[in-house]
Amino acid sequence: MLRKTLAVATAAAAVLSGTAIVFSTGPAMAQNEQFIPRLVYRTGAYAPNGIPFANGAADYITMINERDGGIGGVKLIMEECETGYATDKGVECYERLKGKGPTGAAYFSPLSTGITFALTEKVPGDKIPLLTTGYGRSESRNGAVFPWNFIAVGSYWTAADIAIQHVAKELGGIDNLKGKKISLVYHDSPYGKEPIPALEARAKLNGFTFKAIPVTHPGVEQKSQWLAIRQDRPDYVLLWGWGVMNSTSIKEAAAVAYPRDKIIGVWWSGAEPDVTPAGDQATGYKALMLQHPAGKFAVHGDIEKHVYAKGQGVGKDTNGQVLFNRGLIDSLIGVEAIRTAQEKFGKKPLTGEQVRWGFENLNLTAARIKELGFEGMLAPMKFSCADHQGADQARVHQWDGKEWKIISDFYTADRKILDPMVAEYSAKYAAEKKITPRDCAKES
Amino acid sequence: MLYREAGQFKTSYAADMAIFPIRQDRIALILLLLFAFVGIPLLANFQLWPLGSDYMLRAILIPFLILSLAAIGVNILVGYCGQISLGSGAFMAIGAYSAYKFGSGVHIPLEFLGTEISIPPLPLFASVMLGGLMSAIVGILFGIPSLRIKGLYLAVATLAAQFFFDWVFLRVKWFTNYAPSGSVAAPDLHFFGYLVHSPIERYLLCLAFVTVFALIAKNLVRGNIGRQWMAIRDMDIAAELMGIRPLYAKLTAFAVSSFIVGVAGALWAFVYLGAWEPLAFNIDRSLQLLFMVIIGGLGSILGSFLGAAFILILPIMLDQVPHALGIPVSVETVSHLVFIVTGALICYLLIVEPHGFARLWSIAKEKLRLWPFPY
Amino acid sequence: MVVFGQFLEVLIGGLLAGVLYSLVALGFVLIFKASGVFNFAQGAMVLLAGLALVRSLDFMVARGIPTWAAIVLALMFAAVVMAITAALIQKFVLGPLVNQDGLSLFMATIGITFVIEGAGQMIFGSDVYPLRLFPTDAWFVLGGIFDGGLLVSKIDVWGGLIAGALVAVLAIFFQRTKTGRALRAVADDHAAAESVGIPITWIWFVVWLVAGLVALTAATVWGTKLGVQFSIVFLALKALPVLIIGGFTSVPGAIVGGLIVGAGEKIAEVYLGQLIGGGIEYWFAYVLALAVLLVRPQGLFGERIIERI
């Protein structure tokens, strides 16, 4: 009986004290602070990919604080919340963090297509921008229908289009695509399904046979998919995986002797955790780059000097990796949006709505990118009310067994193909949700 | 002293068979409902602690209510009828996707018959209920094997439903209205001409659903059908010898359980998530629901609520405690600790009280009866 | 001939893949047989064993210990970790839970899963760690008969050999050793076994230890195949249908179940999947298992369930 009483007491005490602690007003916040929430996943099935990205994003913000004392004198405060790549946990994190800081969250960046879809429904009500660097709803490029989504740098449709362009170049011309077979091995989730419409559109236009082969989450078992590929012998395989699925695909490809240099991954399939488990078998594998390569650039020097040298930061081990660098870019865009917004609204903590203005008026010129230390990582980009993507370019790199080597110039996605799709799908969304699109001509 | 039923005489069978035969229970329930229906909206309206921000409503109370509803459904099947199911997530998904289809208009082309079935978009209440109904129909289908398969074998067999429907909603584009990504977004919540939008309105909507279904469930389990379920649970062969038809009893349990779980799934998708994909209803959700009913107490409606509160809120609390106390630990350490502590607490609770919180509650009631003068 | 060759290739690949599932399923069977616990934590145990193995191996190799010695030492270290885990589980969870119903025990093992997942990642890290104990490329056999040869992946063959050896060792252990015989006695009736003087807590510890070592064996193969990372815990879900088809209590059943599931799901995915949309293998194994259960509710090799009033 004593043990039971003890059990009740423990449970009750735990829940009560937990409630009291969590819902009591937190530590007093200084007023001159801008709050940046970070939804991350450092545990679970997708942690190997989530960790370097989260590290890069966090260390850039730390560096801004250490080097510049924040943005325009406003210190940046960040808090991480672990989502484990689960949508419901992501929603809980969002609700937890959206109101923190003197002015609430500046923007959210969930690094999960599933969470992005759920938050897309919630951010208009809370007036917080949703920054999705290189992932998320492809049609959210249309800022008239999706005022709060910023699918910066590139969408999956951009990626699909550029992958086909690269294949065409390797084949010696766009006309040589005719009659070829291209298969897509994809993660069976919204993330993996996104590129299919763009690839189907290209297949119709360029006359190649397109086949989509799903792999069930998390993708630890792909023998049948690759046996089917071995029998079907497609000319190229596009890989749209995440986490363990990527390395497993490469290994299975090696096992069925499918040439790795005929596999082209999306930029989420082209980082170190995707190739290192496959060892030598990954040599020759190609992947798109979200503009930036692996390696160290001017900004990394600043991070080492201002963050790691002072014993701060979290990402020393992952510094310079592909996904670390992508995390840097993610935070760079967020920070620069806040800076842009400060020019209009003053050097003080800004609300999500004001930061949104900053995003829409963000113009990263080549000179500015160089000044920020990102030269060689990023091409110029410019957002506007109508264009929430800002850029259409990507390159391709190849794993040589030790490191990623850039093997192509910048490709530019063909907006003649993609823009009508963006318009069509965003119109469908607007009709379904009864949204009246903004008139971007009237917005300055 | 306070909780003593001496002097409460039952003078009719109706009084003796009432849902809450003890006066103190009735008063407590009324107070609780008053607080839930009136107190919480008032607190939220005046932004008083702990409802100063809508975090409490949106991230704790709404999911708590919806998962409690689902747990009641699972408890009917597992706790009252003794049929272990690991497929509850799938039935939530069926409820959610069916409600979505009914809410956005069903259109089935039957070209080989030269005709088609078209149902215009239905109002939200009707589509949620129809979502529950579809879930109940599928529940009956997947309940049929339970007539032959028992115990843990059945539990693993119900996983077939889980994985099959995970796949169906991923692959069959018709269910997602041909959305390119396969993720769908809930329509605006119009209930009887009233737009449910703000957190407090959403909370009240869920609360209304949960209250009604909890009362229905409470009534069902003390009636004829509930007693049949319990007889099947306690020993199905003996129950059969006594004249209870296992076919009828088991399949009704599957139907009622799946209906409630389906409604909960529709609410989870429409009210809590807003946009969802099949991953939102995967095997983890099924296990979570099973945990809720086992920790809460098998065969107890109250236990479903307690279990839902514990399993949902504990990890969220644990996750925030270090930060709220200002202890500088990284999120991954916290997340690992949450896993360890949750797992260990579950084991601990199973050891000290295998019958769950509901049993602890009834022990507490026994003690309260004698308090402050136990003999 | 081409079509037949392709079919053969899928069949062989499937059968071998199935044996790899059996490696995980074997651990389930051992524990269920001896203590009636349906051990959901088996997948997490494979993860823990793999993490302990690969992290200690990397640690030693980085310090200049020759690879073969490092592998032996790392295997021993991982075995010790599994022994400690077994002792802790027996002492703190399953010992106190003795005589509870199957569902409570099952849920307790899910609790154990959480603890192992959290502690394992906290101690050993949550990144992906490559492990290379076996070759991962493939042979192309019978090139003379079939164009391009039949693909046989080497690691799957290794897995098959290891599974075969494991079953042989387990059979000898169960049939020829004193502990093994005591184990079978406990499996039949633990109260009766205890009354004739079999130390029951020790036997249960041994069972969990053996299951842990089976998990370690599975981890060497699966770790090489996937790299040691969190996703390994999902293998438990692939092993469950194997288990139902074979029967919860039969060691040979786990192997046969694995063969049926592996071959069935691969053939279904490659041939049926093209017709109704891919990705069917995840549920196909379960539906297959359900079909088997409808015919034989105790699985193909399970002990008959006798019900008394």
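How many residues does the contact take from chain B and from chain A? In this predicted model, the contact takes 37 residues from chain B and 43 residues from chain A. On the chain B side, several elements take part: α3 (55-80), β6 (275-276), α12 (301-325), α13 (331-352) and α14 (356-370) each supply at least two residues. Of these, α12(B) gives the most to the side that touches chain A, with 7 residues. Sorted by class, this side of chain B has 24 nonpolar, 9 polar and 4 charged residues.

Chain B also meets chain C. Here 39 residues of chain B are in contact with 40 residues of chain C. The elements of chain B that each bring at least two residues to this side are α6, α9 (236-241), α11 (283-296) and α13. The helix α13 of chain B was already named among the elements that touch chain A. Towards chain C, α13(B) gives the most, with 13 residues. The residues on the side of chain B that touches chain C divide into 30 nonpolar, 5 polar and 4 charged.

One pair of helices lets the reader look at the meeting of chains B and C in detail. Two packed helices are described by the angle between their axes and the distance between the axes. For helix α6 (residues 151-171) of chain B and helix α11 (residues 281-295) of chain C, the axes come within 8 Å and cross at roughly 145°. This crossing of α6(B) and α11(C) is left-handed. From α6(B), the contact is made by B:Y153, B:A157, B:L159, B:A160, B:F163, B:F164 and B:W167. Their partners on α11(C) are C:Y282, C:W283, C:Y286, C:V287, C:A289, C:L290 and C:L293. By class, the contact of α6(B) with α11(C) has 14 nonpolar residues, with no polar and no charged ones.

The next topic is chain C as a whole. Chain C has 11 helices and 2 strands, and along the sequence these elements follow the pattern α-α-α-α-β-β-α-α-α-α-α-α-α. The radius of gyration of chain C is 20 Å, close to the 19 Å that the globule rule gives for 309 residues, so chain C is as compact as a globular protein of that length. Along the principal axes, the C-alpha atoms of chain C fill a box of roughly 65 × 60 × 35 Å. Of the 309 residues in chain C, 56% are buried. Among the contacts in chain C with a separation of 6 or more, 73% are between residues 24 or more positions apart.

Chain A, finally, can be viewed through its domains. The domain assignment gives domain 1 (33-155 + 295-392 + 422-433) and domain 2 (156-293 + 396-415) of chain A. Taken over C-alpha atoms, the centres of domain 1 and domain 2 of chain A are separated by 26 Å. The contact between these domains takes 24 residues from domain 1 and 27 residues from domain 2. On the side of domain 1 that touches domain 2, α2 (47-68), α4 (113-120) and α13 (322-345) of chain A each supply at least two residues. Among them, α13(A) gives the most, with 5 residues. This side of domain 1 of chain A divides into 12 nonpolar, 10 polar and 2 charged residues.

Notes
Residues numbered from 1 in each chain as written. Chains lettered and ligands numbered in written order. Predicted model: local features only at pLDDT ≥ 70, side-chain atom pairs only at ≥ 80, totals over all residues. Axes fitted to C-alpha atoms, helices over the stretch in contact; angles between N-to-C directions. Helix = DSSP H or I, 4+ residues; strand = E, 2+ residues; numbered from the N terminus. Left-handed = near helix turned anticlockwise from the far one by under 90°. Contact = placed C-beta atoms within 7 Å. Nonpolar A, V, L, I, M, F, W, Y, C, P; charged D, E, K, R; others polar. Domains from an automatic or database assignment. Rg over C-alpha atoms; globule rule 2.2 N^0.38 Å. Buried ≥ 20, exposed ≤ 12 C-beta atoms within 10 Å, placed from the backbone.
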